[in-house]
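User: I am new to this structure. Please walk me through its charged pairs and strands.

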Amino acid sequence: MKARVNDGCISCGACVATCPEVFRFNDDGVAEAYTDVAPEYESTAIEARDGCPVNVIDIDE
């Protein structure tokens, strides 16, 4: 699976807190998906996507 944080991130940190194995803050202070979603993190990555308050996370399954 691949995750992507699109334009519009408000840097709330919900995805980073939920799934730090996939999401982190970049040098500009906005979230990014820095690695593919490993099978063991699929459920938490989906939880991070679903919990994004501005709905800017996509996950390609």
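Analyst: The side chains of D58 and R4 form a salt bridge (3.3 Å, N to O). A salt bridge here is a side-chain nitrogen of Lys or Arg within 4 Å of a carboxyl oxygen of Asp or Glu. This is a predicted model: local features need pLDDT of at least 70, side-chain atom pairs count only at pLDDT 80 or more, and totals for chains, interfaces and linings use all residues. Residues are numbered from 1 along each chain as its sequence is written, and side-chain values use heavy atoms, leaving out hydrogens and water.

User: Is R4 buried or exposed, or in between?

Analyst: Buried means under 20% relative accessible area, exposed over 50%, partly exposed in between (1.4 Å probe, protein chains only). R4 has a relative accessible area of 36%, so R4 is partly exposed.

User: Which residues are linked with R4 in a network of salt bridges?

Analyst: R4 pairs with D58. The network joins R4 to D58 and D60.

User: Which residue meets K2 in a salt bridge?

Analyst: The N to O distance is 3.0 Å, and the partner is D36. K2 is in strand 1, and 34 residues separate it from its partner in the loop between strand 3 (31–33) and helix 2 (42–51), D36.

User: Which strand is joined to strand 1 by bridges?

Analyst: Strands are DSSP E runs of at least two residues, and helices are H or I runs of at least four, numbered from the N terminus. Two strands pair if DSSP finds at least two bridges between them. Here 4 bridges join strand 1 to an antiparallel partner, strand 4 (residues 57–60).
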